[in-house]
Amino acid sequence: MTQTETIAVAMSGGVDSSTVAAMLKAEGYTLVGLTLQLWNQRRLAGRPGMPESSEGRCCSLDDVYDARRVAEHLDIPYYVVNQQERFERDVVEPFVREYLSGRTPVPCTLCNNHLKFAQLLDTARQIGAERIATGHYARNEYDAVRGRWILKRPADSSKDQTYFLFGLTQQQLSRTLFPLGNYRKPDVREIAREQGLALAQKPDSQEICFIPGGDYKVFLDAYLAERGESIPDTSGELVTTDGEVVGHHGGIHQFTVGQRKGLNVSSPSPFYVLNINGAERRVVVGRSEELLSGALRARTLNWISIPELSGEMRVQVKIRHRHEPAWATITCSGNDEVTATFDEAQRAVTPGQAAVFYDGEEVVGGGWIV
Amino acid sequence: MFRRIYMDANATTPLLPEVFEAMRPYFMERFGNASSVHSFGQRARGAVEQARVQVAEFLHCRPAEIVFTSGGTESDNLALFGVTRPGDHVITTAIEHHAVLHAAEALQHAGREVTFLGVDANGVIDPEDIRRALRPNTRLISVMMANNETGAIQPVEAIGAIASEAGVLFHTDAVQSAGKLPIDVEKIGCHLLAISGHKMHAPQGTGVLFVRKDIKLEPLFYGGSHERQRRAGTENLAGIVALGKAAEIAAASLRDGMPEKLAALRDRMEHAIIASVGEAGAHSTAAPRVPNTTNLWFDHVEGEALVISLDLKGLAVSGGSACASGASEPSHVLTAMHVPAERARASLRFSLSKLSTAEDVDAAIALVPEAVSKLRELSPHYAAAN
């Protein structure tokens, strides 16, 4: 089989994107492998609390070398594109700002919006590839009736990454291939093995790629310390919804909605963080049942299966990556804002996270919870 | 017909066939440890010393002043760490290769004071700046002979005179000069000088540090008494033989008009590309340059994308300096020349070797403008500016 089209494959050095490259190569496409160098893992290494070694993290040299070996094995050209400045500006800086103002950010979505499906598509076009392929577990297809590109959940629902992809524009979707959308992860590993990829058994990456060890508080400290700053003092009171002061906290960045640990309030039944008031440096705590919200508001919207929301729409809403979508009705409630009213109240609606709306398998759109 | 053209000789060069033939017997039939007493060792010793003579002739020094190393980086580190002690002051420049720049930073952590001097817009150091930077405790001046990114030749003879007047040691990193310019350590007036094999058609992993006879050098490695106790470790026999041969060939080429031929090819390429691309130019053209190098800028283009596009068309050039992953980093040399960041990112280095041909240059003259205009069509900045 021979295809005339050149496709740029986003290669991370992991099993998924490596298998994508192998699959497309077998289909006869002309491929160019690209890795975005997003973060220097050694940059904060050795600062207090940060690991000395960067082994096994995304963007580590090990991963780049793994990707390079796959490219060599498949005999495709492969390049590393330096996007560290843009990643810091568009992902890391907002990540730090969000935590410092009491919200809980989703850096992977920002990275998809600004780097993987913006910069990478630009670079791909510059080097002669109109489309890119990635190892995300998602499906996309053009619906001629609606005249729109549709983003759908993958066959392997346990690997579903559509939550992080709600920001993709029609143009970006039209230029992207998700070849793993119809496969289950074990099948992907099997294909990798059949294709002779040495990393078929490489473990999946889990945590946020630029935070080795997974402790964001340690990262915030190290990141600010590097530029001679420290985390601003946002210590303050822990209060109940009735306004009763039940304790003190060391800084709002240490909390996320729904958190139980680390409150240091002695009480017969546990307290949870209900919300964070950055301006007053207050962390509002309460009982488990008080965490339930009947509705949420989301802004900075992106619509995929519909051109825009008119009137009401029945959808299922996912309010964090590992959340079972809940039935809700969404309506427009302001400029670039929707309100989702849940059929059943949902626990720990968290400002800074994304609310992604589904209609069955399809992603309707989404926005950022305020 | 897809043909690959190599224009990155400042990164590395292939062996010349004569060099490969010279080293080949020393892997198997003529193997030996040059320190051994027996005939195998004697033969190896003979070959190493023959190479030492060849390199000494190339640099115009005595054979005993040649120390074989693993490459330019080791030679630079040996020079900087070998002659300075805590409390000493070292003067160097902001445009040095990382082998000197990062070694000098390490010297700072190891108790030396280091002054990093800037350069002018052409990437050339002013010797008077060096004179002004001298302190009572200045021990060493380290200035490269020619810059790897721009090709700009530094006023090393003037610096040598200042060093000698001040009674200060002078090291020059001549890695990018070897084979491109005549090198005469007497004329330069340097006490230390580094070259690398693989930039002049010898293998990677070979290098030389010239150490003037009366200089006491603290070694980097401790072990046997190889290289007159200046560099412990069994000699890289085949590599040293190759480096000797490469030096002999390079010396002959320098006499036979190779630099003039290279400069003509380089100039033709530079002029033709700039003329046909527009909004483009070359760095350091007002400075004397080594004959093989041109660093071209193309406004409204991302250098990284241009390097990849050209490579996909078969033309190998480089942009910025490569970090471990292979991604390009912004050039510290162009930054030191106060080239705006946008233009520094849009700058590519083309470096020829004696193996480059008129056909290679013709191909580059055809490929580069085509690739640049394609990228500019996609550039929002270009659309806005035109």
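Residues are numbered from 1 along each chain as its sequence is written, while chains are lettered from A and ligands numbered from 1 in the order in which they are written. Since the model is predicted, local features need pLDDT of at least 70 and side-chain atom pairs count only at pLDDT 80 or more, whereas totals for chains, interfaces and linings use all residues.

## Domains

Let us start with the overall division of each chain, with bounds that come from an automatic or database domain assignment.

| Chain | Domains (residues) | Distance between C-alpha centres of domains 1 and 2 |
|---|---|---|
| A | domain 1 (6–135 + 179–216), domain 2 (233–286), domain 3 (293–369) | 37 Å |
| B | domain 1 (5–13 + 257–385), domain 2 (17–254) | 28 Å |

In chain B, 26 residues of domain 1 and 27 residues of domain 2 are in contact, where contact means that the C-beta atoms of two residues, placed from the backbone, lie within 7 Å. On the domain 1 side of this contact, α10, β10 (293–298) and α12 (332–336) of chain B each give two or more residues. The top contributor there is α12(B), with four residues. These elements are DSSP runs numbered from the N terminus: helices are H or I runs of at least four residues, and strands are E runs of at least two. By class, this side of domain 1 of chain B has eleven nonpolar, twelve polar and three charged residues. Ala, Val, Leu, Ile, Met, Phe, Trp, Tyr, Cys and Pro count as nonpolar, Asp, Glu, Lys and Arg as charged, and the others, Gly among them, as polar.

In chain A, five residues of domain 1 touch six residues of domain 2. The domain 1 side of that contact consists of two nonpolar, three polar and no charged residues.

## Where the chains meet

Chain A puts 14 residues into its contact with chain B, and chain B puts in 15 residues. On the chain A side, β2 (30–37), α2 (61–74), β3 (78–82) and α4 (107–126) each supply at least two residues. Of the elements on this side, β3(A) gives the most, with four residues. The class count for the chain A side is eight nonpolar, five polar and one charged.

## Two sheets of chain A

The strand β3(A) also belongs to an open, parallel sheet of five strands, ordered β3-β2-β1-β4-β7 in chain A. Two strands are taken to pair if DSSP finds at least two bridges between them. At the edges stand β3 and β7 (176–177) of chain A, each with a single partner strand, so one side of each has no neighbour in the sheet. Within this sheet, five bridges link β1 (residues 6–10) of chain A to β2(A) in the parallel sense, and A10(A) has L34(A) in β2(A) as its bridge partner.

Strand β8 (residues 236–240) of chain A runs antiparallel to β9(A), joined by four bridges, with V239(A) opposite V245(A).

## Nonpolar cores

L34(A) turns up again in the largest nonpolar core, which has 136 residues; V9(A), L34(A), A355(A) and L306(B) have the most contacts inside it. A nonpolar core is a set of buried Ala, Val, Leu, Ile, Met, Phe, Trp, Tyr and Cys residues joined through C-beta atoms within 7 Å. Leaving aside residues up to four places away in sequence, V9(A) touches residues including V20(A), L24(A), L34(A) and A133(A).

## Some loop residues

Most residues other than glycine have a negative phi. D75(A), which is not a glycine, has a positive phi of about 60 degrees and sits in the loop between α2 and β3 of chain A. D75(A) is exposed, with 8 other C-beta atoms within 10 Å. A residue is buried if 20 or more other C-beta atoms, placed from the backbone, lie within 10 Å of its own, exposed if 12 or fewer, and partly exposed in between.

In chain B, E279(B) has a positive phi near 45 degrees. E279(B) lies in the loop between α10 (258–277) and β9 (280–282) of chain B and is partly exposed, with 16 other C-beta atoms within 10 Å.
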